[in-house]
Amino acid sequence: MSAAVTMPVTRRPKLEIGRRLLAAYTGLVIIYTMIPIAVMIVFSFNIAPNGRVALKWLGFTLDAYRHAFGIQDLTGALINSLIVGMGSAIISIILGTPLALALTRYNFRARTATDIIIFADIAAPAVVVGASLLSLFLELNIPRGLITILISHVAFNVAFAVVVIRARMTGLDRSLDRAAADLGATPWIAFWTVTMPLILPGIVGAGLLGFAMSIDDLIITNFVAGQTLTFPLWVYGATKIGTPPQVFVLSTIIFATGVGLAVINSLINRRAEHRRGG
Amino acid sequence: MRRLSRHFAPYLLSLPSWAYLTVFFVIPLGSMLGLALATGDPLDGYVASDNFSEFSLGFSQYHAEFVRSFFYGAVSTVITLVIAYPVAYWIAFYGGRNKSTYLFLLVLPFFVTFVIRVLAWEFILSDEGFVLGTLKSLGLIPQTTHILSTQWAVIGGLVYNSLAYYVMPLYVALEKIDRRVVRAANDLYATPRVAFTRVIIPLSAPGIFAGFLLVFVTNVGDFVNAYILGGPGTYMIGNVIQDSFFDNQDYPLAAALSSMLMFLLMVAIFLYAKTFGTDTIQDYAA
């Protein structure tokens, strides 16, 4: 009965066709986004003459996987990327969480200014951020290397950490930590025992995003790296002389690991929410 | 005492990030301006001065690259919006229980590093690659056809890399729309087209603009797509800045060019903040 009452006009065959077309279109766009990933995975199994990926399919081989870590400086670059990714994710969480807390819980004077600087940090184009950090390092005569890469990655990850953690905090029920305060908990204890467990998914999300942004970044890193290479920088440097298959192999491994972790994370969250809901 | 600590608490909490962003985000912008005004040459080093000539030199020498960058940025952002909007709309309104799965599929490319995504497109679009190679061997297109190193290869690469960045803010905005408003439009005999143009599009405007700003700014400053997919005729301002810093070591010119880019984009950001406020962008940024 209710269906007949609430939806008398919208069920028209023409609309139904439109909706189907839209669904098909969305499917096509999703396939389009997958094409380069498929190319990368398929070509990681291609026979590579002269140690360079061929543009044509020459036959299936596991050679590149057997020698995945065979190019020493590529492996070193990947390790640098992992170090900077983890380091910058952790530091930006430590810096960003208190700021997110201040922005959600207090109405203070510097709020608007803080909003603007976070906004500017996210919206600033990578070339400008990279060029300005390089200018600073040049003027202060700071040698470029792993440390300057790490410093620069934290500079763009902090803003994202604040935004993600803040989004999680805004949805929180304030009565819980007020109850903790009423029961005599100091703000410090209330934070660690009540707030922290509740915002943990946001913090983990911010960490994963930060790690992904860091390992993805080429433009800013390119300015501040000096002679040090990260994984994207190594790949970028090799584009004009030919890409060794190991690049696609390592990237496929990163992709599979990342997707695996994301799926596990969402399954854990879903189960936790299910438990809370049931 | 309690009131006092309540007053200072937010400042104490925001101090670490503030300090960090001041030293490594705000001050560097100042040093970039300072470097732009410096004089000297790569061998003897540069000394601070108030020499504004790099700005006029940079503009007169590279205005073509500036115009091209803003053109590529605008075209790629508009194309991305046109591709992304129906997707975000369908997921927000008809995605049902699988909404998050569809969104996850759209961000999958982020698990592959940016430069490799661009590299994969170089493979796909290359003259003998499977798109052109197949069409050529079937005799459907002339042997001389090429896509790489044209402006459309660069714009195509920019569009591909911004798609997910645009779907997300659009999705957030469309998801927020109160479905009762849409139903009310239908009840008041709005045709689906009118309901869409007069109700849904205006209500999703914040997402349209937030995404436009983020994607446009990113694409104007990009040099990786132009380097890998483009050719000499598709040089963007990012490529010039990059070359001036590293190949020519002309730091003042490079710093002047990036200061000009920053200024132009700051105008865009300021206009945005003025119209929509700074709170909203954070809802759509991540």
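I began with the largest nonpolar core, and I found 149 residues in it. Ala131(A), Ala88(B), Val167(B), Leu170(B) and Leu257(B) are the ones with the most contacts inside this core. I then checked which element gives the most to the core: helix 6 of chain B, residues 151–176, with 15 residues. From chain A, the core takes at least three residues from domain 1 (9–63) and at least three from domain 2 (72–243). A reminder to myself: this model is predicted.

Next I picked Ala88(B) and listed its contacts, skipping neighbours within four places in sequence. I noted Val167(B), Leu170(B), Tyr171(B) and Leu174(B).

I went back to chain A for its domains. The assignment gives two entries, domain 1 (9–63) and domain 2 (72–243), and their C-alpha centres lie 32 Å apart.

Then I turned to where the chains touch. Chain A brings 78 residues to the contact and chain B brings 73. On the chain A side, helix 2 (residues 13–43) gives the most, with 16 residues. I sorted that side by class and got 61 nonpolar, eleven polar and six charged residues.

My last stop was Pro109(B), in the loop between helix 3 (99–107) and helix 4 (114–125) of chain B. Is Pro109(B) buried or exposed? It counts as buried, because it has 22 C-beta neighbours inside 10 Å, and the cut-off for buried is 20 or more. Beyond four places in sequence, Pro109(B) touches Thr33(A), Pro36(A) and Ile37(A) in chain A, plus Arg117(B) and Ala164(B) in chain B.

How values were computed: Residues are numbered from 1 along each chain as its sequence is written. Chains are lettered from A and ligands numbered from 1 in the order in which they are written. This is a predicted model: local features need pLDDT of at least 70, side-chain atom pairs count only at pLDDT 80 or more; totals for chains, interfaces and linings use all residues. Helices (H or I, at least four residues) and strands (E, at least two) are DSSP runs, numbered from the N terminus. A residue is buried if 20 or more other C-beta atoms lie within 10 Å of its own, exposed if 12 or fewer, and partly exposed in between; C-beta atoms are placed from the backbone. Two residues are in contact if their C-beta atoms, placed from the backbone, lie within 7 Å. Ala, Val, Leu, Ile, Met, Phe, Trp, Tyr, Cys and Pro count as nonpolar, Asp, Glu, Lys and Arg as charged, and the others, Gly among them, as polar. Domain bounds come from an automatic or database domain assignment. A nonpolar core is a set of buried Ala, Val, Leu, Ile, Met, Phe, Trp, Tyr and Cys residues joined through C-beta atoms within 7 Å.
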